[in-house]
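Please find below a note on the model, arranged as numbered points.

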Amino acid sequence: MAQPLPFVLAVSEAPGDEDSQEPSPYDEREVHDSFHQLIQEQVAREGLELQDRAAGAAGSGHHTLLGPGGTVVHSTATLRILASMPSRTIGRSRGAIISQYYNRTVQLRRRSRPLLGDVVRSARPSLRQRDLELDPTAQEEEEKRSLLVKELQGLAGAQRDHLLRAMPLSLAEKRSLREKSRPPRGQRGRAGVLSCCGRLGDTCSLAWHGMGLALLAGLQALTPWRYALKRIGGQFGSSVLSYFLFLKSLLALNGLLLLPLLAFLVGVQAAFPPPPEPGAARAFTGLELLTGAGRFTDSVLYYGYYSNGTLSPPCAPRGPGGRCALGAGGLHYHMPLAYLCTVGVAFFLTCITLVYSTSRSFGESYRVDSTSGVHALTVFCSWDHKVTQRRASRLQRDTLRTRLKELLAEWQLRHRPRGPCGRLRYAAVLGLVWLLCLGTTLGCCLAVLTFSETLVATEQEGQLLALPLVVGVLGLGASYLFRSLAALERLDSPVLEAYVAICRILIFKMAVLGVLCYHWLGRRAPTLQGRCWETFVGQELYRFMVVDLAFTLLDSLLGELAWRLLSEKQLRRRRKPEFDIARNVLDLIYGQTLTWLGVLFSPLLPAVQVLKLVLLFYLKKTSLLANCQAPRRPWLASRMRTVFCSLLCFPSFLGAAVFLCYAVWQVKPSGACGPFRALDTMYEAGTVWVRRLERAGPGESWLPWVHRYLVENTFFLFLASGLLLAVIYLNIQVVKGQREVICLLKEQIRNEGEDKVFLINRLHSVYESRERRAAGAEEPATPPALLTDGRDATCWDS
């Protein structure tokens with residue numbers, strides 16, 4: 001019984017292939033010994049393809065020869081030169097030719113055989129009496145197969161495997177060809193041993209590569225909120241996703257800030273607690289979770305709990321007089337100096353991290369501002385074909401659809417010019433709205449200052465929440481007022497609308513925090529010198545963080561859930577509220593600023609901020625998916641991360657650093673508590689420690705020198721600041737230079753394409769003039785110069 005060919009390739013048959021005059025490979029006996037003829041056929045076929053494509057490449061102003069059908073006809077020499085170009089010879093390997101040979105063989109075999117359904121029953125062959133040896137088609141296929149095996153046996157092992165891997169055959173056919181092309185076991189010798197070693201090495205490398213991929217997949221799975229962020233980005237776009245990415249970066253930043261505080265302050269003081277004061281024990285009532293006072297006052301949460309002496313482990317008294325032996329107490333830990341240095345190092349690490357993240361995001365966002373071709377890249381190159389799960393493919397589809405909406409919305413905004421009257425009306429409305437916003441900010445600041453003055457003599461715990469509540473109500477009302485005023489402006493760009501809203505709310509938040517800082521250091525610190533005013537400031541900042549979280553919850557319930565229920569039940573329309581990116585981002589910056597302001601007075605305040613951010617993520621994610629809809633005007637948030645990092649670095653962190661530097665260098669510490677209770681300023685802790693080292697002996701003389709010339713000397717501070725600014729400036733210049741280089745390279749690529757078209761047309765003109773002169777034309781055309789520097793084209797003839 002005749003068997004079909006064991007390997008079948010999916011070859012598409014064009015409807016007009018039956019009338020093709022291409023010679024059958026069955027008659028080309030010489031192709032089995034060498035593939036030279038097939039290479040020549042491929043070159044000729046590529047030349048014919050170039051004839052069809054030359055019509056689009058020819059310029060409208062160049063002299064070209066049009067053939068029948070309007071196509072450009074090049075001469076044989078031009079086609080030969082173009083066919084030998086590197087771009088046309090890519091992939092012309094022996095493996096590719098073998099694959100093409102197989103494709104053409106199977107295609108012609110399919111054409112030559114008629115279907116059994118189209119043949120009369122009497123003319124059909126008998127399958128029972130047909131033998132494989134008598135089938136000429138199968139014999140020829142087996143002969144070609146053996147010749148291909150011989151051809152493969154003449155190659156090296158690595159080259160043979162490479163060619164088999166490149167063939168468009170099934171895995172079973174490739175294994176069969178590999179086994180048949182290997183030499184017999186008795187003739188392998190050293191080559192067989194080397195091939196076995198090579199296969200063993202390939203297996204080990206593949207196993208190692210698979211283990212690495214599995215490890216990377218496991219590490220990616222451990223990334224916090226990975227799937228949640230992809231889902232948010234796919235459904236709501238990059239603008240809403242930027243808020244959650246910013247929240248995630250703040251969580252990492254607070255973790256970095258908390259590590260040195262736990263290691264060198266909180267952990268050490270918890271290991272060596274101070275003796276409890278008589279009558280200081282207080283019962284836990286639960287109100288401490290809101291006010292931060294009561295039982296939390298005498299704990300490692302606040303500044304007043306920390307000792308002002310040198311901590312050392314206890315020792316057993318030895319010798320006469322009951323004294324400890326020298327060095328028996330172990331390591332001595334100077335708490336005031338450790339407190340000051342730990343807070344300073346934590347702030348320095350935070351500053352370096354912020355500057356690095358800002359410069360990196362700036363480089364990623366502003367390096368390339370060209371969007372030409374981004375739509376085609378998004379459509380044809382954005383899909384990840386390795387995704388096989390249904391949920392992942394659905395998520396990738398939503399992400400791609402949202403990305404296309406954002407790109408199209410950004411492209412449409414560039415084609416909406418305003419007239420002179422529209423610009424004048426827009427400027428008037430914008431000025432009026434800004435005037436109202438600044439007036440509201442000034443009135444709220446005066447209200448906060450007046451209300452804080454009336455609460456100076458307040459001692460009850462229940463009334464301690466009055467000032468944070470007033471500030472929270474004013475902030476929430478001002479944000480809704482600013483949003484209502486922004487609706488009057490009717491800005492065309494949603495990106496500009498978000499930036500304006502962020503700027504207005506930022507001015508309001510920073511102005512209110514400036515009033516509160518003046519209230520704490522300028523008004524409360526002098527009146528509480530007999531008490532622990534640092535602990536009071538730490539408690540105030542704790543209360544502000546708790547109230548800020550409470551108002552965020554209230555806003556999610558009333559501003560998003562209540563509006564959705566009202567629109568669905570009462571208004572009978574499916575219109576959900578949109579996620580307010582500006583207000584939510586400024587709430588994050590406001591909370592982080594409170595954390596930086598209070599880290600000196602409450603070392604565990606970053607831990608409270610970490611818990612708050614984790615709770616905020618799940619709260620906002622749930623509210624977003626249940627109560628909010630995607631922006632009606634989608635916009636591409638390509639530079640939002642850079643804006644957020646810049647606002648966090650300069651107004652927020654810089655303001656907190658100025659506040660803490662003023663508290664360390666200028667304000668006198670309280671004499672009743674804390675590690676600096678016997679000093680005029682907190683900065684004197686370093687000076688006292690250096691004097692103690694100078695009296696200890698000459699062994700530690702280098703430490704006072706370091707303190708005198710590197711800490712007390714202002715030149716080093718100015719030098720470090722100058723170096724930091726120089727690094728930032730150089731980074732900005734490097735990014736700017738990279739942008740210019742990328743733009744020049746894009747222009748050069750575009751010019752290279754135009755040069756190719758120009759050279760093709762000139763080559764065609766030169767060889768056309770040659771043919772005319774050879775044909776004996778009456779007035780032969782002078783060939784145009786190929787170069788633009790005035791040289792004649794006769795050099796090409798020679």
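1. The crossing of H9 and H20 is right-handed; a crossing counts as right-handed if the near helix is turned clockwise from the far one by less than a right angle, and as left-handed if anticlockwise. Helix H9 covers residues 226–271 and helix H20 residues 640–665, and the two pack at an angle of about 40° with their axes 10 Å apart. H9 and H20 are therefore oblique to each other. Angles under 35 degrees count as roughly parallel, over 145 as roughly antiparallel, 65 to 115 as roughly perpendicular and the rest as oblique. Axes are lines fitted to C-alpha atoms, for helices over the stretch in contact, and angles run from 0 to 180 degrees between N-to-C directions.

2. On the H9 side, Ser242, Phe246, Leu250 and Leu253 meet Met640, Phe644, Cys645 and Leu648 of H20. Seven of the residues in the contact of H9 with H20 are nonpolar, one is polar and none is charged. Here Ala, Val, Leu, Ile, Met, Phe, Trp, Tyr, Cys and Pro count as nonpolar, Asp, Glu, Lys and Arg as charged, and the others, Gly among them, as polar. Contact means heavy atoms within 4.5 Å.

3. As to provenance, this is a predicted model in which local features need pLDDT of at least 70 and side-chain atom pairs count only at pLDDT 80 or more, while totals for chains, interfaces and linings use all residues. Residues are numbered from 1 along each chain as its sequence is written, and side-chain values use heavy atoms, with hydrogens and water left out.

4. The chain has 24 helices and two strands; helices (H or I, at least four residues) and strands (E, at least two) are DSSP runs, numbered from the N terminus. Of its 798 residues, 37% count as buried. Buried means under 20% relative accessible area, exposed over 50%, and partly exposed in between (1.4 Å probe, protein chains only). Among contacts between residues at least 6 apart in sequence, 77% join residues at least 24 apart.

5. Which residues touch the most other members of the largest nonpolar core? They are Trp596 and Leu600, in a core of 107 residues. H9 supplies the largest share of this core, with 18 residues. A nonpolar core is a set of buried Ala, Val, Leu, Ile, Met, Phe, Trp, Tyr and Cys residues joined through side-chain atoms within 4.5 Å. Leaving aside neighbours within four places in sequence, the contacts of Trp596 include Leu253, Leu257, Phe347, Leu648 and Phe653. A second, separate core has nine residues, among them Leu152, Leu155, Leu164 and Leu177.

6. Helix H17 (residues 533–569) and helix H18 (residues 581–598) have axes that come within 9 Å and cross at roughly 165°. That makes H17 roughly antiparallel to H18. Their crossing is left-handed. The contact is made by Leu541, Phe544, Met545, Asp548 and Asp555 of H17 and, on H18, by residues including Arg583, Asp587, Tyr590 and Leu594. By class, the contact of H17 with H18 has six nonpolar, two polar and four charged residues.

7. Helix H14 (residues 420–454) packs with helix H15 (residues 466–489) at an angle of about 175°, with axes 10 Å apart. That makes H14 roughly antiparallel to H15. The residues of the contact of H14 with H15 comprise 19 nonpolar, three polar and one charged.

8. Leu469 belongs to helix H15 and, at 41% relative accessibility, counts as partly exposed. Not counting residues up to four places away in sequence, Leu469 touches Val547 and Phe551. The C-alpha atoms of Leu469 and Val547 are 6.6 Å apart, although the two residues are 78 residues apart in sequence.

9. Ala511 is placed in helix H16 (residues 494–527). Is Ala511 buried or partly exposed? Its relative accessibility of 26% makes Ala511 partly exposed. With residues up to four places away in sequence not counted, Ala511 touches Thr441 and Cys445.

10. Leu262 lies in helix H9 and is partly exposed, with a relative accessible area of 38%. Not counting residues up to four places away in sequence, Leu262 touches Gly267 and Leu604. Leu262 and Thr342 are 80 residues apart in sequence, and their C-alpha atoms are 9.8 Å apart in space.
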